[in-house]
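Here is a short report on one protein. Look at the sequence and the 3D view before reading on.

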Amino acid sequence: MVNAVAEHPPSVATRAKAPGGLGRGAHIEIRSVSHRFELKGGPLPVLDSVDLELKPGEFVALLGPSGCGKSTLLRLVAGLEPAAEGRLTQDGADIVRPDPSRVVVFQDPTLYPWRTVRANVALGLQARGLLRQQRHRVDEALALVGLRDFADAYPHQLSGGMAQRVALARALVNDPSLLVLDEPLGKLDSLTRLTMQSELVSLWQRSGFSALLVTHDVEEALFMAQRVVVLSDRPARIVAELHNPLPYPRHRGDPALAALRHEALRHLGLDASW
Ligand SMILES: Nc1ncnc2c1ncn2[C@@H]1O[C@H](COP(=O)(O)OP(=O)(O)OP(=O)(O)O)[C@@H](O)[C@H]1O
Ligand SMILES: [Mg+2]
C-alpha cells in the first residue's frame with residue numbers, strides 16, 4: 001500500500017542549479033524491479049517489484065528492516081550488478097554498468113592511508129585520466145566539504161566525521177548527477193552525525209544532484225529527504241511513501257517531523273511501543 005501524506009513538491013524538478021554547482025540531477029526510474037540471489041539451497045528473493053522514481057534533483061531516503069534488500073537496490077541503481085527482472089534507467093537510458101555520474105558513498109570511508117586527503121579525493125579524476133586538466137576540481141570538492149585546510153593531511157590525522165567528508169569530496173569531484181548514500185553516517189557519533197546531516201543537505205542544495213539515501217535512522221531520513229520510502233522485510237517491496245514538504249533548513253523539533261516519524265514507525269511495524 002502506498003500512502004501519500006502530502007503532495008510531491010513541484011519545485012524539485014525545476015530547482016535551479018546554484019552558481020558553480022555541478023551537473024543537473026539525474027532522473028532515475030526503477031520499474032518493476034525484482035532481484036534474487038542464486039544460492040546453493042535455491043534462489044533468495046531480495047527485491048519484489050520495486051517501482052520508484054527520482055525526479056531530477058530530488059532527495060529520497062529508503063528505510064527498511066536489516067537485510068531486506070536496501071543495499072542491493074542501491075547496487076542495481078549504481079549499475080554494479082544487473083537486475084534479475086525489470087528496468088532501471090537514468091535520464092531514459094538503461095543503467096547497465098557503473099558510471100562516474102552515479103557515485104556511491106558507503107558507511108566506511110575507505111581512504112588510502114598512504115595518500116594525502118587531496119590525493120584520495122583526486123583518485124576518480126586520476127583513474128579517468130582527467131586529473132591534469134581538472135585538478136582545480138579537487139580543491140573545489142574539498143572546499144565544498146569544508147576541508148580545504150586539511151588537503152595535505154593523511155587519513156590517520158582526521159576524525160571520523162572528517163574522513164567521511166573526504167569520502168564525500170571524493171564522490172563530488174566526479175560531478176555526480178546522482179549521489180547514492182548507503183548509511184554514510186552510520187559509524188559517526190551522534191553529534192557529528194547531526195552536523196553531517198545538515199552539511200549533506202546543504203551540499204545537495206548547492207550542487208543540484210539527485211540523492212538516494214539508505215539509513216536505519218527514521219529521524220535522519222525525515223530530516224534530510226523530501227520523500228521517505230519504507231520497504232518491507234525481504235524480499236523488499238515498497239509499503240509506504242511519506243512526502244515531507246517541509247522547507248530547508250528544517251528544524252528537528254518541528255511537530256510535522258514528529259507526526260511523520262510516527263507514521264514511518266507505524267509502517268515499520270513499531271507503532272505499538274511508540
Ligand atoms: N552477493 C550476494 N550474494 C548472495 N546473497 C546476498 C548478496 N548480497 C546480499 N545478499 C543477501 O541479500 C539480502 C539483502 O541484503 P542487503 O545487503 O541488500 O540488505 P540491506 O537491506 O542493505 O541490509 P542492512 O540494513 O543490514 O544493510 C540479505 O539476505 C543478504 O544476505
Ligand atoms: Mg545495507
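## Surface and charge

Accessible areas come from the Shrake-Rupley method with a 1.4 Å probe; for residues, only the protein chains shown count as cover. The protein exposes about 12800 Å². Carbon and sulfur atoms supply 54% of that area.

The protein has 31 positive and 30 negative charges, and their mean positions lie 5 Å apart. Lys and Arg count as positive, Asp and Glu as negative; His and the chain ends are not counted. Each charge is placed at NZ of Lys, CZ of Arg, CG of Asp or CD of Glu.

## Where the values come from

This is a predicted model: local features need pLDDT of at least 70, side-chain atom pairs count only at pLDDT 80 or more, and totals for chains, interfaces and linings use all residues. Residues are numbered from 1 along each chain as its sequence is written, and side-chain values use heavy atoms, without hydrogens and water.

## Overall build

The protein has nine helices and ten strands. These are DSSP runs (helices: H or I, at least four residues; strands: E, at least two), numbered from the N terminus. The C-alpha trace spans about 50 × 45 × 35 Å along its principal axes.

Buried residues make up 50% of the 274 residues. Buried means under 20% relative accessible area, exposed over 50%, and partly exposed in between (1.4 Å probe, protein chains only).

## A closer look at Gln 197

Gln 197 sits in helix H7 (residues 190-207). Gln 197 is buried, with a relative accessible area of 2%.

Which residues does Gln 197 contact, leaving aside its neighbours within four places in sequence? They are Leu 185, Asp 217, Glu 220, Phe 223, Met 224 and Arg 252. Contact means heavy atoms within 4.5 Å.

Key:
Chains are lettered from A and ligands numbered from 1 in the order in which they are written.
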